[in-house]
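Let's take a walk through a protein model together. Have a look at the picture first, and then we will follow the chain step by step.

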Amino acid sequence: YTWLQEYMASGCGRDSFGNELPCGLAKAIDVKFDREGEYVTSARIQSRYRGLQTTKEFVDAMQDVRAAIEEIGLEDTFVYSTYYIFFEQYLLIERETITSILVSAACIFVITFTFGILSESKVDKRLVFRMLILCTIFIFMIGMVLATLGGIMAAWGIKLNAFSSVNMSMAGGLCVDFLLHIGFAFIVASR
C-alpha cells in the first residue's frame with residue numbers, strides 16, 4: 001500500500017494565498033494502517049444517496065449496500081449510517097408487530113384462564129369449559145378489533161411504523177380491559 005500512503009501524504013498544489021491544498025491529507029483520517037504500515041486495518045468511506053424519496057427506496061438502498069459489502073467478502077466489515085438506525089425499524093416492524101400481538105394474545109389467554117379458574121372457590125369441568133370458551137372469544141374479539149384497525153389503516157393509507165404499531169398494541173390492551181369486565185360479569189351472572 002505504498003502508493004496509498006504516498007497519496008495520503010500528498011497535497012494538491014497551492015491556493016492563491018500560497019497554502020497547500022489537501023488532497024490525500026484530507027483523507028488521511030479515513031484510513032488507518034497497522035504499526036508497520038503494511039496493511040489497512042480500518043477505513044471509512046463517505047457516500048450519499050441521491051433521488052431517494054420513499055421509505056421503501058431508502059430501505060432498499062440500505063439493503064443493497066449491505067449486500068454489496070457482503071458480496072465483496074471482507075471480514076469484519078460493516079456498513080453504518082445514522083439514517084440506518086431509523087430505517088432498520090422498517091425491516092423488522094411487520095414481524096415484530098405480529099410477534100408482539102401473538103405473544104400478547106397467548107399471555108391474555110393464559111392469564112385470563114388462570115385467574116378465572118382461581119377466582120372461583122369450586123373448580124369443576126363446567127367452569128373450565130366456560131373459561132376456555134370465554135378466553136377463545138376474547139382472543140377472537142381482539143383479533144377482530146385489530147383486523148378492523150389494520151383495514152382502516154390500509155384504507156386511509158397509513159403505513160405500519162413504530163407509532164401505528166404502538167397504537168395497535170394499545171387498542172388490543174383496551175379491548176382486553178373491556179372484554180374482561182364483560183366476560184367475568186357473564187361468568188358471575190351464569191352461576
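Let's begin at Gly173, whose place is in helix α6. Helices here are DSSP runs of H or I with at least four residues, strands are runs of E with at least two, and both are numbered from the N terminus. Gly173 is partly exposed, with a relative accessible area of 40%. On this scale, buried means under 20% relative accessible area, exposed means over 50%, and partly exposed lies in between, using a 1.4 Å probe and protein chains only.

A word on the model itself: it is predicted, so local features need pLDDT of at least 70 and side-chain atom pairs count only at pLDDT 80 or more, while totals for chains, interfaces and linings use all residues. Residues are numbered from 1 along each chain as its sequence is written, and side-chain values use heavy atoms, leaving out hydrogens and water.

Now step back to the whole chain. The protein chain has six helices and four strands, and from the N terminus on they run α-β-β-α-β-β-α-α-α-α. Of its 191 residues, 20% count as buried.

Back to helix α6, which covers residues 162-189.

Which way do the residues of a helix point? An α-helix has 3.6 residues a turn, so residues three or four places apart point the same way. The buried residues of α6 include Met168, Ala171, Gly172, Cys175, Val176 and Leu179. The buried residues of α6 pack against α4 (82-118) and α5 (125-156).

That brings us to the largest nonpolar core, which has 15 residues; Met131, Leu134, Ile142, Leu146 and Leu179 have the most contacts inside it. The elements giving two or more residues to this core are α4, α5 and α6, and α5 gives the most, with seven. A nonpolar core is a set of buried Ala, Val, Leu, Ile, Met, Phe, Trp, Tyr and Cys residues joined through side-chain atoms within 4.5 Å. Beyond its neighbours within four places in sequence, Ile142 is in contact (heavy atoms within 4.5 Å) with Ile108, Gly172, Cys175, Val176 and Leu179.

Terms used
The expected span of a helix is 1.5 Å times one less than its number of residues.
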